[in-house]
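I am keeping notes on what I looked up in this structure, entry by entry.

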Amino acid sequence: MSQIWKGPLERIDAFRWRIPRFLGSMRVEGLIFADETLISRVRADQALQQVVHVAHLPGLAGPSMAMPDIHWGYGFPIGGVAAMDIREGVVSPGGVGYDINCGVRLMRTDLDEDALRSRLKILTERLYANIPSGVGSSGKLKLDSRSLKKVLTRGSKWAVEQGFGCARDLERTEDGGCMEGADADALSSRALERGKPQLGTLGAGNHFIEIQVVDAVYDFEAARAYGLRQGMITLMIHTGSRGLGYQVCDDHVGVMMKAMTRYQIEVPDRQLACAPVESAEGRRYLAAMAAAANYAWTNRQIILHCVRESFEQVFQDSAERLGLDMIYDVAHNIAKFETHETGNETRRVLVHRKGATRAFGPGRPEIPEVYRSIGQPVLIPGDMGTASYVLRGTSAAMKETFGSTCHGAGRVLSRHAAQRAAQGRRIDEELARKGILVLSRSRKTLAEEAPEAYKDIHEVVEIVHGAGISKKVVRMKPLAVIKG
DNA sequence: ATGTTC
């Protein structure tokens, strides 16, 4: 199955590699962010072939890019960035992924490790009890069609109107937790039905809630601006749009596979199914994608509300007094219309980020005002046994990657290979010996998510930091993890 | 990632 990349791959510098247009059918070149150590891992994956596939799409406004956490995905690689010209380019559901607006939310607290230690176990158990997780999990909310449509068009604003959070949470969410252009009518009845019972649920796979402590500060000015300091307890939520987003992707991949013939688009892999950005099919997918994105932001907002309730129950104090405040929330599976400078012209492009995080540099109006002079907070979760990072967006990223960086550690073992490697082992006990408490609904999920299934997050972050497409601010180490 | 193969 696994194919080692045998095509051309040229080293540009310590952190950059180029796949030139060695095939006449490639419209642009490939640009991969990696160092000597990481590129050998990347070569052993089909992901570089996928970078070349993406380079065949019409209307690319820049190279087919891959971040250091790149690995094989559906059609497009995970860790891939593709910016499309709006008039000549295409939109592809595979360039966003099945979990539309999978993303990460980071919270701060006023607690330090000492204040938490004696209650860590009971707090983790409380979070586990209060927040449904696992495959097919359903939540306490069972939305009717009317409420669901409001969620899809208003996103996190709906959650705040319902009392699940405050205006400050919205300010600190990418796009304010509400993407424009969402249309609930662009969703199939099946997608809508799958969405009704799942709001406020974590899901499975790599989704998690993690209690962490800041164990390193690299940029004191940025850390202060973000409200982070050494020794602070933080909490991270990683989840997406659940069955609704999956269904939206599946439905529209089907539609576009048929439409491609009509638009005379030829692609080297059927999984790159796409349609012109301004076509009926393209617009309809983007309207459905925005709705699913809004569902995902609402999902993370509701989970945050449940987190606050859990802290209140355990500490017998208000979430406000415990300092449970949003740092930021990022989407890392999404396509967005953005304005970028390419060469010496200003262009409107549709940036596909699939397992890639927006990393806008200082001054961009999309960044919350409190962070604008520093750059956007970039949230990078690692595997559950190692660490996570906060970085900041840079102007270098604006010039080179359409304001994008990596999204996590990235797999080195397939889910199946990870399960094989974990045969007969207790991953939770192995993590407990490292001082990390893990609660999970499923032994299988734990095996798939074992630390060895992922690249070293430190290495991945050093590459994006070294390349300058985002800069390290703080590092957090895990204390307790809830998995699906 | 996913009512993990309508």
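**Cavity lining.** I sorted the lining of the largest cavity by class and got seven nonpolar, four polar and one charged residues, where Ala, Val, Leu, Ile, Met, Phe, Trp, Tyr, Cys and Pro count as nonpolar, Asp, Glu, Lys and Arg as charged, and the others, Gly among them, as polar. The lining residues are Val51, Val54, Ser64, Met65, Phe76, Pro77, Gly80, Val81, Ala82, Gly95, His352 and Lys354. I note that α2 (47–54), β4 (64–71), β5 (78–85) and β13 (345–354) each give at least two residues to this lining, and that β5 has the largest share with three residues. Helices (H or I, at least four residues) and strands (E, at least two) are here DSSP runs, numbered from the N terminus.

**Conventions.** The model is predicted, with local features requiring pLDDT of at least 70 and side-chain atom pairs counted only at pLDDT 80 or more, while totals for chains, interfaces and linings use all residues. Residues are numbered from 1 along each chain as its sequence is written, chains are lettered from A and ligands numbered from 1 in the order in which they are written, and side-chain values use heavy atoms, with hydrogens and water left out.

**Cavity volume.** How many cavities of 30 Å³ or more does a search of the whole structure find? I found one, and the largest cavity has a volume of about 50 Å³. For the record, on a 1 Å grid over the protein atoms alone, a cavity is a set of points where a 1.4 Å probe fits but cannot get out, and a pocket is an open set with protein on both sides within 12 Å along at least five of seven lines; lining residues have an atom within 4 Å of a point. Grid points are joined across faces, edges and corners, and a volume is the space filled by probe spheres set on the points.

**Second largest pocket.** I read a volume of about 380 Å³ for the second largest pocket. Its lining has 18 residues, of which Asp175, Met179, Glu180, Phe337 and Arg348 are the closest to the pocket centre. The elements that supply two or more lining residues are α11 (280–315) and β12 (333–342), and β12 has the largest share, with five residues. By class, I count nine nonpolar, two polar and seven charged residues in this lining.

**Aromatic pairs.** My search of the whole structure returned seven aromatic pairs, with rings of Phe, Tyr and Trp (its six-membered ring) paired if their centres lie within 6.5 Å, and planes under 30 degrees apart counted as stacked, over 60 as edge-to-face and the rest as tilted. The pair of Tyr218 and Tyr389 is stacked because the ring centres are 6.2 Å apart and the planes lie at 20°. This pair links distant parts of the chain, 171 residues apart, with Tyr218 in the loop between β8 (208–217) and α9 (220–226) and Tyr389 in strand β16 (residues 388–392). Tyr218 is partly exposed at 32% relative accessibility, whereas Tyr389 is buried at 2%; buried means under 20% relative accessible area, exposed over 50%, and partly exposed in between (1.4 Å probe, protein chains only).

I then looked at Tyr328 and Tyr371, an edge-to-face pair with 6.3 Å centre to centre and 80° between the planes. Tyr328 is in strand β11 (residues 325–331) and Tyr371 in the loop between β14 (357–358) and β15 (377–380), 43 residues apart. Tyr328 is buried at 0% relative accessibility, and Tyr371 is buried with a relative accessible area of 0%. I also noted that ring pairs link Tyr74, Tyr98 and Tyr246 into a cluster.

**Charges over rings.** The charged end of Lys472 sits over the ring of Tyr218, 4.2 Å from the ring centre, and Arg441 lies over the face of Tyr128 at 3.8 Å. The criterion is NZ of Lys or CZ of Arg within 6 Å of the ring centre and within 35 degrees of the ring normal.

**Positive phi.** Gln316, in the loop between α11 and β11, has a positive phi near 50° and is exposed at 68% relative accessibility. Phe402, in the loop between α12 (395–400) and β17 (404–405), has a positive phi near 55° but is buried at 6%.
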